[in-house]
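I opened my notebook to write down, entry by entry, what I looked up in this model. Each entry takes up one topic and spells out its terms where they come up.

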Amino acid sequence: MKTAKISLNSIDKVKAFVNEISKFDCDFDLVSGRYVIDAKSIMGIFSLDLSKPIDLNIHADGSALDDVMAVVSKYVTE
């Protein structure tokens with residue numbers, strides 16, 4: 001598992017993010033405070049506070065993780 005801080009501060013970013021990670025077969029969780037939601041759920045994402053960065057937990061390894069990071073890198077903050 002790998003964790004990355006991401007920013008989803010617009011509706012377009014949220015839609016693009018969900019569309020891109022939905023193509024992968026692994027699991028993704030978004031963690032904001034005490035809330036953990038499925039990152040493939042648009043409704044779940046909109047229930048979070050999107051004004052600050054969110055932790056993305058990626059449940060993948062090896063080449064699958066490399067492929068995911070290539071797609072997710074445009075949302076990573078810092």
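**Entry 1**

I began with Phe-46, which counts as partly exposed because its relative accessibility is 37%; here buried means under 20% relative accessible area, exposed over 50%, and partly exposed in between, with a 1.4 Å probe and protein chains only. I note that this is a predicted model, in which local features need pLDDT of at least 70 and side-chain atom pairs count only at pLDDT 80 or more, while totals for chains, interfaces and linings use all residues. Residues are numbered from 1 along each chain as its sequence is written, and side-chain values use heavy atoms, with hydrogens and water left out.

I found Phe-46 in helix H2, residues 42–46; helices (H or I, at least four residues) and strands (E, at least two) are DSSP runs, numbered from the N terminus. Together with Ile-11 and Ile-42, Phe-46 forms a nonpolar patch on the surface, with about 260 Å² of accessible area for the three together. Such patches are made of residues with over 30% relative accessible area and no salt bridge, where like charges are joined within 9 Å and nonpolar side chains (Val, Leu, Ile, Met, Phe, Trp, Tyr) within 5 Å. The areas come from the Shrake-Rupley method with a 1.4 Å probe, and for residues only the protein chains shown count as cover.

Next I asked which residues of helix H1 (residues 11–21) are buried. They are Val-14, Phe-17, Val-18, Glu-20 and Ile-21, and they lie on the same side of H1 because they cover an arc of only 165° around the axis, the arc being that of the directions from the helix axis to the C-beta atoms. The buried residues of H1 pack against strand E1 (2–6), strand E2 (27–32), H2, strand E4 (54–59) and helix H3 (62–72), with contact meaning heavy atoms within 4.5 Å.

**Entry 1: Salt bridges**

How many salt bridges does a search of the whole structure find? It finds three, a salt bridge being a side-chain nitrogen of Lys or Arg within 4 Å of a carboxyl oxygen of Asp or Glu.

I looked at Glu-20 and Lys-74, whose side chains meet in a salt bridge at 3.4 Å, N to O. Glu-20 lies in helix H1 and Lys-74 in the segment after H3, so this pair ties together parts that are 54 residues apart in sequence. Glu-20 is buried, with a relative accessible area of 18%, whereas Lys-74 counts as exposed at 54%.

I then noted the salt bridge between Lys-5 and Asp-55, at 2.9 Å, N to O, which links distant parts of the chain, as Lys-5 is in strand E1 and Asp-55 in strand E4, 50 residues apart. Lys-5 is partly exposed, at 33%, and Asp-55 is partly exposed, at 24%.

**Entry 2: Ser-32**

Last, I looked up Ser-32, which has its place in strand E2 and counts as buried because its relative accessibility is 14%. Not counting residues up to four places away in sequence, Ser-32 touches Leu-48 and Ile-54.
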